[in-house]
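Visitor: Could you walk me through a helix residue and a strand in this structure? I'd like to follow along as we go.
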Amino acid sequence: MTLDSSRRVVALVPAAGRGVRLGESTPKAFVPVGGSPMLVRAVDGLIASGVVDRIVIMAPIEMLDAARQLLAAHAPAASSTPVDVVAGGAERTDSVRAGLAAAPEATHILVHDAARALTPPSLIARVVAELRAGQRAVVPGVPVADTIKSVTAAGDVTGTPDRSGLRAIQTPQGFDAELLRSAYAVDLPATDDAGLVESFGATVRVIPGDPMAFKITDQLDLRLAQALVTGAPGVHAGTVTAAGVHR
């Protein structure tokens with residue numbers, strides 16, 4: 001927990017996505033990895049980091065009770081970190097807005113994907129350490145392993161960016177709470193929260209990420225996560241790359 005009582009770190013976990021690409025009948029955050037739903041693993045990681053004062057889950061409205069029961073049943077016995085569940089929205093930005101509304105006390109906000117269920121607690125702690133040191137927006141990122149091409153709508157290559165200056169961005173993404181609230185008050189297009197505050201004119205600091213913070217998006221990612229959790233022979237953290245897995 002934070003030592004400075006004037007600072008309140010609240011983690012928002014969007015968990016209302018359907019995860020169409022995963023091909024499961026259950027919303028993605030509720031799909032199990034090694035016997036525990038992604039949502040539970042993500043929450044456990046946030047609690048284990050020791051730097052989060054409160055967690056707010058934004059779940060599908062029809063699964064609010066199920067989410068609360070699930071989290072209550074799997075809560076670490078020694079944890080004193082409050083975990084609350086509120087209704088998420090149709091889009092990720094709608095869910096984050098709902099989370100922000102539910103956390104008026106926050107001085108710092110982490111937005112963390114439930115689908116990054118294996119994110120090490122040490123990475124979460126490093127993001128918060130940067131916020132405590134004065135950064136207003138901090139995201140973890142890993143070097144891009146593949147050659148990247150920019151292409152036209154027809155598929156013709158228009159350029160090959162220097163990948164040494166590229167990073168694949170992970171979560172948790174950390175922000176000064178007022179900065180994130182201000183950015184969400186303006187209707188700007190963005191694919192993630194860091195992009196939103198960038199559009200708002202803020203500087204975002206990228207720190208080294210972790211291969212284990214990969215996003216479980218499709219069945220191949222899910223199989224890798226299952227293998228990592230269960231300790232399948234020949235599968236270890238080195239199997240993971242910036243793009244997910246060694247293809």
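Predicted model: local features only at pLDDT ≥ 70, side-chain atom pairs only at ≥ 80, totals over all residues.

Visitor: OK, where does Leu 196 lie?
Guide: Leu 196 is part of helix H6, which covers residues 193-199.

Visitor: And is Leu 196 buried or exposed?
Guide: Leu 196 counts as buried, because its relative accessibility is 6%, and the cut-off for that label is under 20%.

Visitor: Which residues is it in contact with, leaving aside its neighbours within four places in sequence?
Guide: With those neighbours set aside, Leu 196 is in contact with Ala 183, Tyr 184, Leu 188 and Ala 190. As for Leu 180, which is 16 residues apart from Leu 196 along the chain, the separation between the two C-alpha atoms is 8.3 Å.

Visitor: Switching to strand E7, how many of its residues are buried?
Guide: Strand E7 spans residues 137-143, and six of its seven residues are buried, so the rest of the structure largely encloses this strand.

Visitor: Which way does E12 run relative to E7, parallel or antiparallel?
Guide: E7 and strand E12, residues 205-208, run parallel and are joined by four bridges, with Val 138 standing opposite Arg 205 in E12.

Visitor: What about E10 and E11, in which sense do they pair with E7?
Guide: Strand E10, residues 167-169, pairs with E7 in the antiparallel sense over three bridges, and there Gly 141 stands opposite Ile 169. Strand E11, residues 173-176, pairs with E7 in the antiparallel sense over two bridges, where Phe 175 is the bridge partner of Ala 137.

Methods
Residues numbered from 1 in each chain as written. Heavy atoms only, no water. Buried < 20%, exposed > 50% of the residue type's maximum accessible area, 1.4 Å probe, protein only. Contact = heavy atoms within 4.5 Å. Pairing = 2+ DSSP bridges.
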